[in-house]
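Please keep the sequence and the model in view while reading.

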Amino acid sequence: MSRDISAFEHMRPQLEARHPGGWVLFYRGAFVEAFADFETAASTAVERFDAGPYLIRQLGAARAVQLPGGMTFTPSHAVTSSRL
């Protein structure tokens, strides 16, 4: 997870310029994709990388949202094509 956080912090300025307010997904220290909403980012992460770990952050957010370790995301619908 520390590789994902470092990669996010390094890329944050350019990602915020290209995808303001978007959600980004990092896996194994690499940027994967930007999304319009959290649910699509999380659905894609689960679909592609199973249980993770992976990092999903909102660009431009004043503070990162931290979910408890025992919390699991369950997509309510299939991944849509509403990606940025």
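What covers the buried residues of α1? The cover includes β1, β2 and β3. The model is a predicted one, in which local features need pLDDT of at least 70, side-chain atom pairs count only at pLDDT 80 or more, and totals for chains, interfaces and linings use all residues. Residues are numbered from 1 along each chain as its sequence is written, and side-chain values use heavy atoms, with hydrogens and water left out.

**Overall architecture**

- The protein chain has two helices and three strands; helices (H or I, at least four residues) and strands (E, at least two) are DSSP runs, numbered from the N terminus.
- Read from the N terminus on, the elements follow the order α-β-β-α-β.
- Of the 84 residues of the protein chain, 32% count as buried; buried means under 20% relative accessible area, exposed over 50%, and partly exposed in between, with a 1.4 Å probe and protein chains only.
- Among contacts between residues at least 6 apart in sequence, 61% join residues at least 24 apart, where contact means heavy atoms within 4.5 Å.

**The sheet**

- Three strands form an open sheet in the order β2-β1-β3, and the pairing is antiparallel; two strands pair if DSSP finds at least two bridges between them.
- The edge strands, each pairing on one side only, are β2 (30-35) and β3 (55-58).
- Neighbouring strands of this sheet are turned by 25° against each other on average, direction ignored; axes are lines fitted to C-alpha atoms, for helices over the stretch in contact, and angles run from 0 to 180 degrees between N-to-C directions.
- Five bridges join β1 (residues 23-27) to β2 in the antiparallel sense.
- Trp23 has Phe35 in β2 as its bridge partner.
- Strands of a sheet pair through backbone hydrogen bonds, either parallel or antiparallel.

**Helices on the sheet**

- Helix α2 (residues 38-49) lies across β1, β2 and β3 and runs at about 20° to β1.
- Helix α1 packs on the sheet, touching β1, β2 and β3, and its direction makes about 145° with that of β1.
- With 17 residues, α1 reaches 24 Å from its first C-alpha to its last, close to the 24 Å expected at 1.5 Å a residue; the expected span is 1.5 Å times one less than the number of residues.
- At Arg12, α1 bends by about 60°, and a proline, Pro13, follows within four residues; the bend at a residue is the angle between axes fitted to the seven residues ending there and the seven starting there.
- The buried residues of α1 are Asp4, Ala7, Phe8, Met11 and Leu15.
- Ala17 also has its place in helix α1 (residues 2-18), but this residue is exposed, with a relative accessible area of 65%.
- Ala17 and Gly60 are 43 residues apart in sequence and 9.5 Å apart in space, C-alpha to C-alpha.

**Salt bridges**

- The structure holds two salt bridges, each being a side-chain nitrogen of Lys or Arg within 4 Å of a carboxyl oxygen of Asp or Glu.
- In one of them, Arg12 pairs with Glu9, the closest N and O atoms being 2.7 Å apart.
- Arg12 and Glu9 are three residues apart in helix α1, so about one helical turn separates them.
- Arg12 is partly exposed at a relative accessible area of 26%, and Glu9 is partly exposed at 40%.
- Arg48 forms a salt bridge with Glu33, the closest N and O atoms being 3.5 Å apart.
- This pair links distant parts of the chain, with Arg48 in helix α2 and Glu33 in strand β2, 15 residues apart.
- Arg48 is partly exposed, with a relative accessible area of 45%.

**Backbone features in the loops**

- The peptide bond from Gly52 to Pro53 is cis, with omega near 10°, and Pro53 is found in the loop between α2 and β3.
- Asp50, which has its place in the loop between α2 and β3, has a positive phi of about 55° although it is not a glycine.
- Asp50 counts as exposed at 58% relative accessibility.
- Arg28 has a positive phi of about 55° although it is not a glycine, and its place is in the loop between β1 and β2.
- Arg28 is exposed, with a relative accessible area of 59%.
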